[in-house]
Structures are given as structure tokens and as C-alpha cells.
Amino acid sequence: MFDFVLDPAYRVIEALSSVTGGGLAIVLVTLAVRLSLLPLSVRVARAQRIRTRLAPQVDRLRTRWKNDPQRLMREVNAVYAKEGVGQFTGYLPAFAQSPFFMVTYRLFTAAVIAGHPNLLLAQSVLGVPLGEHLAAAVAGAGLVSPPVAVFAVLLALLVAVAVIAARRVEPTAPMRRIQLLTPFWTVAVAAFLPLAAGVYLLVSSAWTTAERAVLYPRTA
């Protein structure tokens with residue numbers, strides 16, 4: 001990541017962490033990021049409702065043009081375009097969020113940011129440095145130790161959020177197995193990332209689960 005992006009982000013989080021502490025600073029920054037992306041999520045939810053409404057019409061087109069894939073694609077695209085729905089609208093929040101996650105990861109893994117020491121790595125949560133990894137905590141303090149306990153709590157919270165998200169998957173959802181397993185990727189990823197990135201994943205995953213509960217209410 002370029003220093004012109006990392007350096008301002010570093011200064012913002014460093015200034016905030018001097019007031020709130022490193023862990024809470026990550027929480028607040030993550031919430032700010034997700035709040036800024038809320039309009040995209042609302043747009044995606046609207047697009048999904050439109051697709052659901054248009055599903056019978058699209059099914060008729062698939063039946064009519066099943067032997068002409070190119071014509072089928074044009075007809076389906078025309079139907080969606082008339083309603084202002086793009087093909088890749090559903091991926092907008094994930095695409096928009098990924099740069100923020102990469103910046104957060106670099107901020108808490110790089111020893112040097114824009115030519116100066118990364119003081120954020122000295123910040124901690126319950127005595128565990130935000131740049132610490134689970135494997136390093138186990139190797140340094142043993143399997144039964146306060147640092148490992150902090151990671152265990154973090155992973156347990158991620159599992160809880162993933163279970164809630166998985167339970168909200170509709171029985172008739174397409175590719176249901178994949179949708180059931182997808183929320184749990186954060187648990188596996190957090191086990192290998194610095195504590196700071198794990199905190200980011202927890203807050204962001206919890207936001208996503210709550211957001212979907214509001215924007216995608218379950219059908220009776």
C-alpha cells in the first residue's frame with residue numbers, strides 16, 4: 001500500500017488511540033468505515049428486492065431463449081437495466097470495504113510507516129499488543145495464558161457472530177451450503193492475523209450481520 005494512503009490513516013488512528021486506546025480506536029474507525037458504506041448496502045438491498053420481483057419475468061426469458069445464450073443475456077440485462085439494477089451491484093460493499101481492511105492490516109503489521117517507526121504496534125488490548133499473532137502468543141506465553149485467552153475470546157465472539165449469520169440464511173437460498181459456511185471464514189482468517197485485524201473483522205462482521213437483519217428481513 002502506498003505511503004500517501006498509509007500515513008494519513010496512521011496519523012488518524014494514532015491520534016484517536018491516544019485518547020481512546022488502540023482497541024477502541026479500531027472499533028470506532030471500523031464503525032465509521034461501515035457507516036460510510038451504508039448507502040451502498042442500502043442500494044444493494046434495493047437491487048435484491050427488484051431482482052426478486054423480476055424473477056418470474058427472467059424465468060420466462062430463460063425458457064424462451066434457452067437455446068440462444070447471447071440473446072438471453074441481452075434480454076435479461078435489458079430487464080435489469082430498465083429497473084436500474086447493475087450486474088455487479090451486490091459486490092459493491094465488499095469491493096469498497098477491502099481497501100480499508102488492507103490498510104488496517106498494514107498499519108498493524110508494518111514496523112515502519114512512511115519512514116517512521118510504527119508506534120501503533122505498542123498499543124495493546126488487555127495487555128496484548130495489537131500487532132501480536134495467536135501463534136506468537138502461544139509460543140511466547142504458552143497455551144494457557146492471558147494473551148491466548150484474549151485471542152480465544154475474540155475467536156469465540158467471531159464464531160457467535162458467524163452462527164447468527166448462518167442461521168439467517170433462508171432454506172431456499174441459492175448455494176445455501178456456501179452461504180452457511182461463508183460467515184465462518186472470518187474465524188479461520190482471524191486465527192492467523194494480528195489482533196488488530198481480528199478486532200476489525202469482529203466489528204465489521206457484527207455490523208454486517210446486524211445490517212442484513214434490518215435490510216433483508218426474513219420471510220415468514
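## Exercises on a predicted model

Just after helix α1, G21 takes a positive phi of about 95°. Keep that glycine in mind for Exercise 4 as you work through this predicted model.

**Exercise 1. How many helices and strands does the chain have, and in what pattern do they follow one another along the sequence?**

Step 1: Count the elements. The chain holds 10 helices and four strands.

Step 2: Read them along the sequence. The pattern is α-α-α-α-α-β-β-β-β-α-α-α-α-α.

Step 3: Look at the whole chain. Along the principal axes, its C-alpha atoms fill a box of roughly 65 × 40 × 30 Å. Of its 220 residues, 35% count as buried. Take the contacts between residues at least 6 apart in sequence: 67% of them join residues at least 24 apart.

**Exercise 2. What should helix α1 span, and which of its residues are buried or exposed?**

Step 1: Work out the span. Helix α1 covers residues 3-20, and at 1.5 Å a residue its 18 residues should span 26 Å. The end C-alpha atoms of α1 are 25 Å apart, which agrees.

Step 2: Find the buried residues. In α1 these are L6, D7, Y10, I13 and S17. They lie on the same side of α1, because they cover an arc of only 145° around the axis.

Step 3: Turn to the other side of α1, where F4, V12 and V19 are exposed.

Step 4: Recall the general rule. An α-helix has 3.6 residues a turn, so residues three or four places apart point the same way.

**Exercise 3. Which residues of helix α7 are buried, and what covers them?**

Step 1: Check the length. The 22 residues of α7 (residues 146-167) should span 32 Å at 1.5 Å a residue, and the end C-alpha atoms of α7 are 32 Å apart, which agrees.

Step 2: List the buried residues of α7: V148, V150, F151, L154, L155, L158, V161, A162, A165 and A166. Their arc around the axis is only 155°, which puts them on the same side of α7.

Step 3: Look at the face turned away from that buried side. There α7 carries the exposed residues P146, V153 and R167.

Step 4: See what lies over the buried residues. Their cover includes β3 (124-125), β4 (128-129), α6 (134-141), α8 (176-181), α9 (185-190) and α10 (195-215).

Technical notes: Residues numbered from 1 in each chain as written. Predicted model: local features only at pLDDT ≥ 70, side-chain atom pairs only at ≥ 80, totals over all residues. Heavy atoms only, no water. Helix = DSSP H or I, 4+ residues; strand = E, 2+ residues; numbered from the N terminus. Expected span 1.5 Å × (residues − 1). Buried < 20%, exposed > 50% of the residue type's maximum accessible area, 1.4 Å probe, protein only. Arc of directions from axis to C-beta. Contact = heavy atoms within 4.5 Å.
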